[in-house]
Amino acid sequence: YAHAEALQHFSRALELTQEEFAARYQIPLGTLRDWERGRTEPDQATRAYLRVIANDPEGTRRALEKRQI
């Protein structure tokens with residue numbers, strides 16, 4: 001459940017609600033809630049994406065706003 005605690009800590013550090021974090025980083029809200037509650041864990045690719053967010057939250061936000069893949 002380390003991922004759950006890290007996600008909760010990180011969203012609080014960014015001063016974002018679950019809804020805001022999910023919307024900003026294009027993560028389904030239900031999925032984010034499941035991770036935070038420890039019901040499921042992010043897969044390897046998602047863990048990498050979460051590390052990108054953790055290392056540069058503003059850069060990630062800007063990149064997501066610029067274009068859709």
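1. Let's start with how the chain folds back on itself. Among contacts in the protein chain with a separation of 6 or more, 49% are between residues 24 or more positions apart. Keep in mind as you read on that this is a predicted model.

2. Next, the overall make-up. The protein chain has 5 helices and 0 strands, and reading from the N terminus the elements go α-α-α-α-α. Its radius of gyration is 11 Å, close to the 11 Å that the globule rule gives for 69 residues, so the chain is as compact as a globular protein of that length.

3. As for what is tucked away from the surface, 32% of the 69 residues count as buried.

4. Now have a look at the largest pocket, which has a volume of about 200 Å³. Which elements give two or more residues to its lining? Those are α1 (2-13) and α4 (44-55). The largest share, 5 residues, comes from α4.

5. To find that pocket on your screen, pick out the residues that line it: His3, Ala6, Leu7, Phe10, Phe21, Arg47, Leu50, Arg51, Ile53 and Ala54. Sorted by class, the lining has 7 nonpolar, 1 polar and 2 charged residues.

6. Which residues does Gln18 touch, leaving aside its neighbours within four places in sequence? Its contacts are Leu29, Leu32, Arg33 and Glu36.

7. Stay with one of those partners, Arg33. Gln18 and Arg33 are 15 residues apart along the chain, and their C-alpha atoms are separated by 7.5 Å. You can check this pair on the model with a distance tool.

8. Last stop: Arg61, found in helix α5 (residues 57-66). The side chain of Arg61 is joined to that of Glu58 by a polar contact of 2.6 Å. Once neighbours within four places in sequence are left aside, Arg61 is in contact with Arg24 and Tyr25.

Key:
Residues are numbered from 1 along each chain as its sequence is written. This is a predicted model: local features need pLDDT of at least 70, side-chain atom pairs count only at pLDDT 80 or more; totals for chains, interfaces and linings use all residues. Side-chain values use heavy atoms; hydrogens and water are left out. On a 1 Å grid over the protein atoms alone, a cavity is a set of points where a 1.4 Å probe fits but cannot get out, and a pocket is an open set with protein on both sides within 12 Å along at least five of seven lines; lining residues have an atom within 4 Å of a point. Grid points are joined across faces, edges and corners, and a volume is the space filled by probe spheres set on the points. Helices (H or I, at least four residues) and strands (E, at least two) are DSSP runs, numbered from the N terminus. Ala, Val, Leu, Ile, Met, Phe, Trp, Tyr, Cys and Pro count as nonpolar, Asp, Glu, Lys and Arg as charged, and the others, Gly among them, as polar. A polar contact is a pair of N or O atoms within 3.5 Å; within protein, one must be able to donate a hydrogen and the other to accept it, and residues adjacent in sequence count only if both atoms are side-chain atoms. Contact means heavy atoms within 4.5 Å. The radius of gyration is taken over C-alpha atoms; the globule rule is 2.2 Å times the number of residues to the power 0.38. Buried means under 20% relative accessible area, exposed over 50%, partly exposed in between (1.4 Å probe, protein chains only).
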